[in-house]
Amino acid sequence: MAVSAAARVEAGAATVPPARAFKWSLEVGWGIVFVIPYLVVFAAFVVWPVGYGLWLGASPEAFRTLFADPIYFETAWNTAVFLALGINIKLFLALLLSGFLARSRPWIRWLSVIFILPWAVPSIPTIFSFRWMLNSEWGMLNGLLWELFGIEGPWWLVDPQLAFGAVIFVHVWKYLPFWTLILLAGRMAIPTDLYEAATIDGARPIQKFAYVTWPQLKNLYVTSTLLSTIWSLGDFNSVYLLTGGGPAEKTHVLATLGIRYAFNLQQIDIGVACVMTALPFLVPLVILLVRRLGGRVS
């Protein structure tokens with residue numbers, strides 16, 4: 001006698017051992033036990049500080065006071081220039097240097113070790129060394145200009161434009177090695193067969209870059225640009241350690257201006273509001289970056 005399909009399904013379900021369901025419940029229980037400490041730490045050190053900060057910065061009076069300060073709008077412009085110049089120069093140079101370091105020569109490998117040092121060394125000694133070199137009165141750079149050419153050097157950290165240019169230069173110098181390594185890893189992942197085929201077809205180096213290297217690196221380059229923008233928006237060290245936001249509060253970015261309000265002027269709500277003004281620009285970048293990392297943006 002033929003057994004119906006429903007009867008076979010019920011019979012199969014009845015043969016499942018009950019110990020399997022108990023084991024699954026035990027695994028879930030242990031998972032919850034191990035996740036609870038993480039959730040507690042996350043709530044205590046992430047959710048609570050961020051929530052409290054957003055609550056402090058949600059006061060309309062804080063935003064009115066912030067927008068009434070002319071330093072804020074100058075700082076917003078500085079931040080835009082800092083991101084536009086710093087990120088594009090940094091990533092473009094990283095793209096060029098990654099091609100140079102990709103050459104298989106022993107001396108280039110040793111040079112790459114020296115090249116990575118600015119990123120590997122902590123920010124405080126490296127940026128303070130630039131602050132010493134750019135000192136207008138007794139700095140090394142102006143001393144060399146006087147000894148070699150007999151000319152007085154400019155006021156590097158006193159002139160607002162020169163000081164802000166120095167901030168961008170130090171930012172690029174500090175983080176260029178990291179992004180060069182990222183793009184170098186992307187270049188090394190490109191199959192050599194593509195270059196061999198391009199060589200057989202008689203392609204020149206610029207054509208190999210345009211039709212082989214760049215199509216393979218384009219997504220990595222765009223993703224690196226997004227990530228670098230997010231990180232650079234919160235770059236505090238490059239400005240604070242070199243100029244402190246001076247002279248005359250002319251080289252602040254949003255990260256350092258928020259600290260100025262919160263700690264120097266003891267106006268925490270305005271400091272948080274200052275940082276929160278970057279959210280309309282930051283949140284779309286984060287969403288776009290997450291989508292790219294998820295593979296949903298080509």
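Select threonine 180, which sits in helix α9, residues 160-188. This is a predicted model. Is threonine 180 buried or exposed? Threonine 180 has a relative accessible area of 0%, so it counts as buried. Show its neighbours next. Leaving out residues up to four places away in sequence, threonine 180 touches Ala94, Leu97, Ser98, Leu101 and Phe115.

**The whole chain**

Zoom out. The chain has 15 helices and zero strands. Its C-alpha trace spans about 110 × 65 × 30 Å along the principal axes. How does the radius of gyration of the chain compare with that of a compact globule of 298 residues? The chain has 28 Å, whereas such a globule would be near 19 Å.

Buried residues account for 33% of the 298 in the chain. Take the contacts between residues at least 6 apart in sequence: 69% of them join residues at least 24 apart.

**Phenylalanine 209**

Go to phenylalanine 209, in helix α11. Its relative accessibility is 27%, so phenylalanine 209 counts as partly exposed. Which residues does it touch, not counting those up to four places away in sequence? They are Leu95, Arg187, Trp214 and Pro215. Tyrosine 195 and phenylalanine 209 are 14 residues apart in sequence, and their C-alpha atoms are 9.5 Å apart.

**The loop between α12 and α13**

Move to proline 247, in the loop between α12 and α13. Check omega on the peptide bond from glycine 246 to proline 247: the bond is cis, with omega near 0 degrees.

Step to alanine 248, which lies in the loop between α12 and α13. Alanine 248 is not a glycine, yet its phi is positive, about 55 degrees. With a relative accessible area of 64%, alanine 248 is exposed.

Then pick glutamate 249, found in the loop between α12 and α13. Its phi is also positive, near 60 degrees, in a residue other than glycine. What is the relative accessible area of glutamate 249? The value is 28%, so glutamate 249 is partly exposed.

**Helix α13**

Continue into α13. The helix is mostly covered, with eight of its 11 residues buried. Colour them: Leu254, Ala255, Thr256, Leu257, Gly258, Arg260, Tyr261 and Ala262. Which helices do the buried residues of α13 pack against? They pack against α3 (60-67), α4, α11 (205-233), α12 (237-240) and α14 (268-276).

Just past the end of α13, select glutamine 266. Glutamine 266 takes a positive phi of about 60 degrees.

**α4 against α13**

For the last stop, show α4 (residues 70-101) with α13 (residues 254-264). Their axes are 9 Å apart, and the packing angle is about 150 degrees. Angles over 145 degrees count as roughly antiparallel. The two helices α4 and α13 are therefore roughly antiparallel to each other.

From α4 come Ile71, Tyr72, Thr75 and Thr79; from α13 come Leu254, Leu257 and Arg260. What classes of residue make up the contact of α4 with α13? Four are nonpolar, two are polar and one is charged. Leave Leu254, Leu257 and Arg260 of α13 selected: these contact residues are also among the buried residues of the helix.

Conventions:
Residues are numbered from 1 along each chain as its sequence is written. This is a predicted model: local features need pLDDT of at least 70, side-chain atom pairs count only at pLDDT 80 or more; totals for chains, interfaces and linings use all residues. Side-chain values use heavy atoms; hydrogens and water are left out. Axes are lines fitted to C-alpha atoms, for helices over the stretch in contact, and angles run from 0 to 180 degrees between N-to-C directions. Helices (H or I, at least four residues) and strands (E, at least two) are DSSP runs, numbered from the N terminus. Angles under 35 degrees count as roughly parallel, over 145 as roughly antiparallel, 65 to 115 as roughly perpendicular and the rest as oblique. Contact means heavy atoms within 4.5 Å. Ala, Val, Leu, Ile, Met, Phe, Trp, Tyr, Cys and Pro count as nonpolar, Asp, Glu, Lys and Arg as charged, and the others, Gly among them, as polar. The radius of gyration is taken over C-alpha atoms; the globule rule is 2.2 Å times the number of residues to the power 0.38. Buried means under 20% relative accessible area, exposed over 50%, partly exposed in between (1.4 Å probe, protein chains only).
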